[in-house]
Amino acid sequence: MSDHAFIEALAFVVLLGGGLIAMGVGAVVRDRAPTQVSPSSAGASISVGSTRRVAWVTVAFASIGAGIIHLALGPSHLDAIGVLGLGFFVVGAAQLIWAALALHRPSHLLAWLGIGGNVAVLAAWAFTRTVGLPVGPDAWTPEAIGWADSVAGLFELLVITVLLIDVSGLQVRSTHLRAVAGTVASIGVVPIVGGIMVLTALALASGEPGHDRVAASLIVSVRYLRGRLR
């Protein structure tokens, strides 16, 4: 199988899996949601709740994508910079754990932990791309910006932005607009999550790790997520 065909097949599988997982998460959330809502506030409550659920599902899967990328890039960095390469495994594991918690029980505290953690990771990434690492054969030499690390940075920026909006408590006053937003959010969650996972797969398939490491990272991460959702 050619590299191009492999990437297309992997993207299809990940998109399908992401969509199914997202729909399963949505079903769990609906089953746990309260069934009695006052008629006067039903539309606003459902729309606001749906929008917030989609926001948290989105940032959770963005965190999963970033975590998978860090775990997949860990071995090559461990070989290149020694013990500092362990940071990729620590960051990747932390992002996956945070995502599992975000899917299970979003909270204000968890949002601030996500914001702070991702800001720290992005700051470290920016430092290595502008100043360089203090150790290794290329100490204090800025690293090149790659496709995989750029995608991870994009996911982390998405997490920070969405969580900042969530904790700020910004709301749309129009009931009609809130209803529309809730409907659009509910419909859009599957392609959003699928797009995140496809972008993750493409980033890994065209990055440093071999295809075997990509497949292994995806399998381990999906199994972990499935276990947390049971």
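## Starting with one alanine

Is Ala126 buried, partly exposed or exposed? With a relative accessibility of 32%, Ala126 counts as partly exposed, because that value falls between the 20% limit for buried residues and the 50% limit for exposed ones. Please keep in mind as you explore that this is a predicted model.

Ala126 belongs to helix H4.

## The overall layout

Let's step back to the whole chain. The secondary structure of the protein consists of seven helices and zero strands. Read from the N terminus on, the elements therefore follow the order α-α-α-α-α-α-α. Of the 230 residues in the protein, 37% are buried.

## How H3 and H4 sit together

Helix H3 covers residues 86-104, and helix H4 covers residues 108-130. Packed helices in general are described by the angle between their axes and the distance between those axes. For H3 and H4, the axes come within 11 Å and cross at roughly 155°.

What does that angle say about the two directions? H3 and H4 are roughly antiparallel to each other, because angles over 145 degrees are counted that way. The crossing in which H3 passes H4 is left-handed.

Leu86 is found in helix H3, and Leu86 is partly exposed, with a relative accessible area of 40%. Leu86 also takes part in a nonpolar patch on the surface, together with Leu78, Val83, Leu84 and Val135. The accessible area of these five residues together is about 400 Å².

## Salt bridges

Side chains of opposite charge can pair when their charged atoms come close. How many salt bridges does the count come to? The answer is three.

One of them joins Arg52 and Asp166, whose closest N and O atoms are 3.0 Å apart.

## A network around Arg129

Which residues are linked in a network of salt bridges? They are Arg129, Glu143 and Asp149. Arg129 forms a salt bridge with Glu143, and the closest N and O atoms of this pair are 3.4 Å apart. Arg129 lies in helix H4 while Glu143 lies in the loop between H4 and H5, so the pair ties together parts that are 14 residues apart in sequence.

Arg129 also meets Asp149 in a salt bridge, with an N to O distance of 3.4 Å. Here the link runs between helix H5, which holds Asp149, and helix H4, which holds Arg129; the two residues are 20 residues apart. Glu143, in contrast, is partly exposed, with a relative accessible area of 25%.

## Trp140 in the loop

The loop between H4 and H5 also holds Trp140. Most residues other than glycine have a negative phi. The phi of Trp140 is near 60°, a positive value in a residue other than glycine. Is Trp140 buried or exposed? At 51% relative accessibility, Trp140 counts as exposed, because the limit for that class is over 50%.

To finish, here is another alanine to look for. Ala148 is found in helix H5, and at 6% relative accessibility Ala148 counts as buried. The C-alpha atom of Ala148 is separated by 9.5 Å from that of Ala201, and the two residues are 53 residues apart along the chain.

Conventions
Residues numbered from 1 in each chain as written. Predicted model: local features only at pLDDT ≥ 70, side-chain atom pairs only at ≥ 80, totals over all residues. Heavy atoms only, no water. Patch = residues over 30% accessible without salt bridge, like charges linked within 9 Å, V, L, I, M, F, W, Y side chains within 5 Å. Areas by Shrake-Rupley, 256 points an atom, 1.4 Å probe, with all protein chains shown as cover. Salt bridge = Lys/Arg side-chain N within 4 Å of Asp/Glu carboxyl O. Helix = DSSP H or I, 4+ residues; strand = E, 2+ residues; numbered from the N terminus. Buried < 20%, exposed > 50% of the residue type's maximum accessible area, 1.4 Å probe, protein only. Axes fitted to C-alpha atoms, helices over the stretch in contact; angles between N-to-C directions. Parallel < 35°, antiparallel > 145°, perpendicular 65-115°, else oblique. Left-handed = near helix turned anticlockwise from the far one by under 90°.
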